[in-house]
Amino acid sequence: MVSIYLDYNATTPVAPEVVAAMLPFLQEHFGNPSSAHVYGDAPRRAMAAAREEVARLIGARTAEIVFTGSATEANNLTILGVARAWGDARRHAVISAVEHPSVSEPAHRLQALGGSVTIVPVDEYGRVAPGDVAAALRPDTGLVSVMHANNEVGTIQRIAEIAALAHSRGALMHTDAAQSAGKVALDVEVLGVDLLTLAGHKFYAPKGVGALYIRTGTPIAAVLAGAGQEQGLRPGTENIPQIVALGVAARLARERLPETHAHLRALRDRLHARLAQEVPGLALNGHPEQRLPNTLNVSFPGVSGAALLQQVADRVAASTGSACHAGDAAPSGVLGAMSLSNERALGAVRLSVGHYTREAEIDAAAAALIAAWRERTIAEHG
């Protein structure tokens with residue numbers, strides 16, 4: 001029996017349409033897009049088309065999209081590239097306590113390079129208070145980086161409010177929207193951001209490709225040295241099959257968004273209802289309304305979430321938090337930042353649904369988790 005996949009926040013399968021679009025660029029259209037001869041023509045046109053689709057997904061201009069190898073690379077380019085562009089004038093950054101390591105780690109590196117970082121807290125729902133950001137801003141603040149939606153609990157931040165505060169003090173605003181694309185609407189003008197990160201493998205493109213939106217006129221410098229690809233910000237021959245994949249995935253995400261949002265939310269709420277009905281004391285982690293439509297993070301009372309998932313591993317594939325920390329038995333740092341008790345954090349399970357999830361799978365997964373919780377409760381507490 002194949003486990004029911006409920007870990008779409010970790011990664012998604014590659015959509016069949018995406019695979020089909022990639023294949024010609026792995027075979028006959030193998031040329032370098034920088035080549036002046038005929039073999040560079042098809043890759044160059046394909047890359048331009050993909051850039052346009054990514055831009056359309058987030059309401060940007062095509063010239064404002066830089067392709068990267070991952071969201072991690074895009075976040076590093078943002079944190080370190082903006083600091084390098086500002087120079088000594090603005091060496092202070094503000095980030096939230098629930099950022100992905102691809103933001104928090106380069107922020108720590110910025111500190112090691114002589115800059116400074118302020119980490120603003122979150123409330124019990126994982127939300128940043130705009131007032132806390134305002135209090136953290138300084139004359140030398142160059143960048144504020146707050147993720148759009150949290151990868152563990154799904155909480156969506158008030159990015160537009162935070163961006164307005166950052167801009168009022170002359171700072172730039174970045175949001176890591178890796179978890180949001182294809183699940184909720186993204187518009188860089190509505191959000192008011194200067195930089196925005198995307199990850200292909202979170203919305204049915206392959207791993208190994210991402211993008212960074214950079215608003216026209218935003219000060220940013222390269223952190224890698226090389227040739228002039230991607231406006232000189234991401235040197236290296238472009239990975240055309242992956243870029244084509246990202247473009248097709250972006251188009252599918254945009255075209256399917258209304259039905260996808262409704263589908264995901266219905267499945268998530270169905271799963272939550274079934275679990276809550278049979279597991280007294282089940283606790284929802286994250287904002288009850290302002291969160292991703294596909295993400296359900298709940299704490300099972302009296303048991304370890306990791307042990308629970310291990311017990312159902314042959315039937316349900318899910319996680320206790322970020323896949324980047326899947327081998328770590330300690331409570332989630334995100335839940336700790338939300339000031340949840342150690343017991344509640346240890347009992348947490350992240351269940352994330354996707355485009356290919358079906359109702360029958362939701363019901364089967366719920367039944368397996370409920371049965372496992374009962375067995376562990378009896379075994380541990382008698």
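1. Basis of the values. The model is predicted, so that local features need pLDDT of at least 70 and side-chain atom pairs count only at pLDDT 80 or more, while totals for chains, interfaces and linings use all residues. Residues are numbered from 1 along each chain as its sequence is written, and side-chain values use heavy atoms, with hydrogens and water left out.

2. Largest cavity. A search of the whole structure gives two cavities of 30 Å³ or more, a cavity being a set of points on a 1 Å grid over the protein atoms alone where a 1.4 Å probe fits but cannot get out, with lining residues having an atom within 4 Å of a point. The largest cavity has a volume of about 180 Å³, volume being the space filled by probe spheres set on points joined across faces, edges and corners. Its lining has 19 residues, of which Gly182, Phe203, Tyr204, Thr260 and His355 are the closest to the centre. Because domain 1 (4-10 + 257-381) and domain 2 (16-252) both contribute residues to this lining, the largest cavity lies between them; the domain bounds come from an automatic or database assignment.

3. Second largest cavity. This cavity holds about 50 Å³ of space, and the residues lining it include Trp86, Arg90, Arg91 and His92. Helix 3 (71-86), strand 3 (92-96) and strand 5 (141-145) each supply at least two lining residues, and helix 3 gives the most, with four; helices (H or I, at least four residues) and strands (E, at least two) are DSSP runs numbered from the N terminus.

4. Helix 8. Although helix 8 (residues 240-278) has 39 residues, its end C-alpha atoms are only 49 Å apart, short of the 57 Å that a straight helix would reach at 1.5 Å a residue. A kink of about 70° lies at Leu257, shortly before Pro258, where the bend is the angle between axes fitted to the seven residues ending at a residue and the seven starting there.

5. Salt bridges. The whole structure has 18 salt bridges, each a side-chain nitrogen of Lys or Arg within 4 Å of a carboxyl oxygen of Asp or Glu. In one of them Arg350 pairs with Asp7, the closest N and O atoms being 3.1 Å apart. Arg350 lies in strand 12 (residues 348-352) and Asp7 in the loop between strand 1 (4-5) and helix 1 (16-26), so the pair ties together parts 343 residues apart in sequence.

Methods:
On a 1 Å grid over the protein atoms alone, a cavity is a set of points where a 1.4 Å probe fits but cannot get out, and a pocket is an open set with protein on both sides within 12 Å along at least five of seven lines; lining residues have an atom within 4 Å of a point. The expected span of a helix is 1.5 Å times one less than its number of residues.
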